[in-house]
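Thank you all for coming; I would like to walk you slowly through one model today.

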Amino acid sequence: MKHPLKWMGAVWLTLLLCMPAAADDLLMARANRMFPEAMTLLQSAISSRGYTVTRLQQVNENLQRREFQSDMYRVVYFGKLEEVRRATARNPNLIPFLPLNITIFAEGDQSILVASHPQILQEFFPDPELKALFERWEKDMVDIMDEVREDK
């Protein structure tokens, strides 16, 4: 296939359209922090749990095309290389869903963090060995969001 990213995007979109829209499928947190501070804390919280931030995606251009002006909107991708290698070696169909990610954006003087529940992957990948991994990912993501949200 000439365009693997387009193909993965189409698969992801199809899965999203087949799933019911519900907040239960999302992890969300509101932090009483300005975006730059929250962004720094988010990356630090991710790293402190042994994950590597693999990419910071700015989505400004797409937002600007829709007349939404903000440079404070990022998707932070992260993972543990060996863990991802083991999981995808066992189940290559997991590749389009990795690395993990958290979206962070500014809303006034607060920051909002949003991510998909990693355990939702269990519906698509019922492998018992992956279940523990999905549960740990979810716990880590909740802990990361809590760390950014907490006032210290």
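Predicted model: local features only at pLDDT ≥ 70, side-chain atom pairs only at ≥ 80, totals over all residues.

Strands of a sheet pair through backbone hydrogen bonds, and they can do so either parallel or antiparallel. Here we have an open sheet of five strands in the order β1-β5-β4-β3-β2, and the pairing is antiparallel. Because β1, residues 26-31, and β2, residues 52-58, each have a single partner strand, they stand at the edges, and one side of each is left without a neighbour in the sheet. On average, and ignoring direction, neighbouring strands of this sheet are turned by 20° against each other. The partner of β2 is β3, residues 73-79, and six bridges join these two antiparallel strands.

Helix α6, which covers residues 128-149, lies across β1, β3, β4 and β5, and it runs at about 15° to β1.

That brings me to the interior. In soluble globular proteins, nonpolar side chains tend to be buried together. In this model the largest nonpolar core has 32 residues, and those with the most contacts inside it are Leu42, Phe78, Leu94, Ile102, Ile104, Leu113 and Trp137. At least two residues of this core are supplied by each of β1, α2, β3, α4, β4, β5 and α6, and the largest share, eight residues, comes from α6.

From the core we can turn to the charged side chains. Side chains of opposite charge can pair when their charged atoms come close. The count for this model comes to 11 salt bridges, and I will show you three of them.

In one of these, the side chains of Arg33 and Glu37 meet with N to O at 2.8 Å. Arg33 has a relative accessibility of 9%, so it counts as buried, whereas Glu37, at 42%, counts as partly exposed.

In another, Glu82 forms a salt bridge with Arg85, with the closest N and O atoms 3.0 Å apart. Both residues lie in helix α4, three residues apart, which is about one turn of the helix. Glu82 counts as partly exposed at 45% relative accessibility, and Arg85 is partly exposed as well, with a relative accessible area of 47%.

Glu83 counts as buried, at 8% relative accessibility, while Arg136 is partly exposed, at 30%. Together with Asp140, these two residues are linked in a network of salt bridges.

So how do these two helices sit against each other? The axes of α4 and α6 come within 11 Å and cross at roughly 145°, and the crossing is left-handed. The contact is made by Glu83, Ala87 and Arg90 of α4, together with Glu129, Leu130, Leu133, Arg136 and Trp137 of α6.

Notes. Residues numbered from 1 in each chain as written. Heavy atoms only, no water. Pairing = 2+ DSSP bridges. Helix = DSSP H or I, 4+ residues; strand = E, 2+ residues; numbered from the N terminus. Axes fitted to C-alpha atoms, helices over the stretch in contact; angles between N-to-C directions. Contact = heavy atoms within 4.5 Å. Core = buried A, V, L, I, M, F, W, Y, C linked by side-chain atoms within 4.5 Å. Buried < 20%, exposed > 50% of the residue type's maximum accessible area, 1.4 Å probe, protein only. Salt bridge = Lys/Arg side-chain N within 4 Å of Asp/Glu carboxyl O. Left-handed = near helix turned anticlockwise from the far one by under 90°.
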